[in-house]
Amino acid sequence: MDFLHVEGFRKKFYNTEVLKGIDFSLQKGEILAIIGASGSGKTTLLRCLNFLETPDEGKVYLDGELLSDAKERYPEGTLREKRKKFGLVFQNFNLFPHYRAIKNVSLASDLAAKERAKEFRREQKRRYREEGVRFAGRLARRDGAKFREEALKESARRAEELLETVGLGDKKQSYPGELSGGQQQRVAIARALALDPEVLCFDEPTSALDPELTGEVLRVIRALKGRTMIIVTHEMKFAREVADKVLFMADGAVEEEGTPEEIFVHARSEKLRAFLKRENSGD
Amino acid sequence: MNTFLSITLDLLEGFGTTCLIFALTLALALPLGLVVAFGSMSRFRLLRLPVRTLVWIIRGTPLMLQLIAIFYGPSLLFGIGGFDRLTAVIVAFVINYACYFSEIYRGGIEGVPAGQREAAQVLGLTKRQTFFYVILPQVIKRITAPMSNEVMTLVKDTSLARIISVAEIIMVSQEYTRQGLIWPLFYTGAFYLLFIGILTLLFRFLEKKLAYIKV
Ligand SMILES: Nc1ncnc2c1ncn2[C@@H]1O[C@H](COP(=O)(O)OP(=O)(O)O)[C@@H](O)[C@H]1O
Ligand SMILES: [Mg+2]
């Protein structure tokens, strides 16, 4: 059984078919690199996986279970749970400019912690009431506040740890505007890791960066090996080095698929050969 | 006896009314403007179109006319007693400023890049959390400059209240003009300048406070 299995993704914008039936699968801990000319539908594919777009058709299976089916309408709450299975690192970072690096990383888990604390307070209140304790409300509030404080502390500790993992332990109090592009993208990676997604997706994580800053970001991604990841990239050397599997997309379809060796050395299709030739002459 | 002190005290009373109109309008129009902004951005035409029409009418006609319409309208149209004078002023001002504020909010909200909402969505934030923790703080940063203009205009617009005989500072000073004493009218300018000066400092402080956000 495949860990991730995508089946028959189709997506139309107005009358143009951007995804023409995409299928692929991935094992746990594997890295999938997606390459292809601009406009071939790579971003749209990642956006569909992350529920930013709804495909017209297609299913996603995760860990042996049907996660989503384009035909189904999911209520907002369910959708949010499904979303959290995937993480996405954007091409242009999309950090929150009004929060420090550490808060960018911890925001989602902070908010989740607050929700859980509220839930816990309600439960405690009910429990105290059942036990017939006096001041049930006040006691429950006290318990809730304690729970919340602990959870927030844990969230901050984890965010700090993640920033250290991406080599930014000393920048945790900086605002995004004070960081270089490479540093911002590393914060964005830490942010995506904070919810510990099952599948982490990257959409051309270095293409908005100056050439001298791509190295530090690629190094961080390389160090994440062991996680299940999907990386859309123009860095052919990088794709070849880290990927377990490569997908070449052309005009909204998977034109060729294989190991890095099969794709980069023994390309079969004419389109892939032409693409690789262009990419190589570009560098 | 018209001493400088007695006139100053008299004008101060009128200035109190000016400040009251200002404060109430701001306190009510700021939140209402956000509601109007949501209405004018709604996906539902049945809500969006009427709201946008209302905004167009309010922004397209003089506040003075709106003031008169709200004060005299109910009794002229339905023969019923309408609002008392001060309430009519507050109602007219709140509606007028809510519409102006709504356009500022709308510009601010639409100016936040789509990527911000998407990043929040991918992180599993609820719509509510996304608005309050991600979008609104950036909107506040984006709208401080246009808001400060609008708020300064409000200070001076309060003088329109005298149209329906609400004794704000200019109306009080005109009592003296009628008695042949002209300088109290110009003296009111000092009150406005002081008020605007304080607001300018407040907004400058706010802008400095928000300078760390690079949007
Ligand atoms: N929101 C959208 N509305 C209309 N067309 C879109 C939209 N998003 C993408 N497209 C079109 O879909 C095609 C594929 O885009 P994209 O997925 O961004 O490709 P890639 O990431 O491979 O460059 C392009 O032709 C693009 O113009
Ligand atoms: Mg793209």
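**Figure 1. Polar contacts across the interface of chain B and chain A.** Seven residue pairs are in polar contact across the interface of chain B and chain A, both residues of each pair being at pLDDT 80 or more. A polar contact is a pair of N or O atoms within 3.5 Å; within protein, one atom must be able to donate a hydrogen and the other to accept it, and residues adjacent in sequence count only if both atoms are side-chain atoms. The elements that give two or more residues to the side of chain B that touches chain A are helix H5 (114–122) and helix H6 (127–157) of chain B. Helices (H or I, at least four residues) and strands (E, at least two) are DSSP runs, numbered from the N terminus. H5(B) provides the largest share of this side, seven residues. By residue type, the side of chain B that touches chain A divides into eleven nonpolar, seven polar and three charged residues. Here Ala, Val, Leu, Ile, Met, Phe, Trp, Tyr, Cys and Pro count as nonpolar, Asp, Glu, Lys and Arg as charged, and the others, Gly among them, as polar.

The model is predicted: local features need pLDDT of at least 70, side-chain atom pairs count only at pLDDT 80 or more, and totals for chains, interfaces and linings use all residues. Residues are numbered from 1 along each chain as its sequence is written, chains are lettered from A and ligands numbered from 1 in the order in which they are written, and side-chain values use heavy atoms, with hydrogens and water left out.

**Figure 2. The area buried between chain B and chain A.** The contact (heavy atoms within 4.5 Å) takes 21 residues from chain B and 27 residues from chain A. About 2100 Å² is buried between chain B and chain A, and carbon and sulfur atoms give 64% of this area. Buried area is the accessible area (1.4 Å probe) that two parts lose on being put together, summed over both. Val122(B), Leu123(B) and Tyr133(B) supply 31% of the area that chain B buries against chain A, more than any other three residues.

**Figure 3. Salt bridges between the chains.** Two salt bridges are found across the interface of chain B and chain A. A salt bridge is a side-chain nitrogen of Lys or Arg within 4 Å of a carboxyl oxygen of Asp or Glu. Glu118(B) and Arg47(A) meet through their side chains in a salt bridge at 2.9 Å, N to O. This pair crosses between chains, from helix H5 of chain B, which holds Glu118(B), to helix H1 (residues 42–49) of chain A, which holds Arg47(A). Both Glu118(B) and Arg47(A) are buried; buried means under 20% relative accessible area, exposed over 50%, and partly exposed in between (1.4 Å probe, protein chains only). Glu76(A) forms a salt bridge with Lys127(B), with the closest N and O atoms 3.8 Å apart.

**Figure 4. The two domains of chain A.** Chain A is divided into domain 1 (4–98 + 175–282) and domain 2 (99–174), with bounds that come from an automatic or database domain assignment. The C-alpha centres of domain 1 and domain 2 of chain A lie 32 Å apart. Their contact takes 19 residues from domain 1 of chain A and 17 residues from domain 2 of chain A. The two domains of chain A bury about 1600 Å² between them, 67% of it on carbon and sulfur atoms. Between domain 1 and domain 2 of chain A the count of salt bridges is zero, whereas five residue pairs are in polar contact, both residues at pLDDT 80 or more. Helix H5 (residues 181–193) of chain A gives the most to the side of domain 1 that touches domain 2, with seven residues.

**Figure 5. Salt bridges within chain A.** Glu154(A) forms a salt bridge with Arg157(A), the closest N and O atoms being 2.9 Å apart. These two residues are separated by about one helical turn, because they are three residues apart in helix H4 (residues 136–165) of chain A. In a second pair, Arg186(A) forms a salt bridge with Glu216(A), with the closest N and O atoms 2.9 Å apart. Arg186(A) lies in helix H5 of chain A and Glu216(A) in helix H6 (residues 211–222) of chain A, so the pair ties together parts that are 30 residues apart in sequence. Arg186(A) and Glu216(A) are both buried.

**Figure 6. The surroundings of Ser269(A).** Ser269(A) is found in the loop between helix H8 (260–264) and helix H9 (270–282) of chain A. With a relative accessible area of 13%, Ser269(A) is buried. The side chain of Ser269(A) reaches the backbone nitrogen of Leu272(A) at 3.1 Å.
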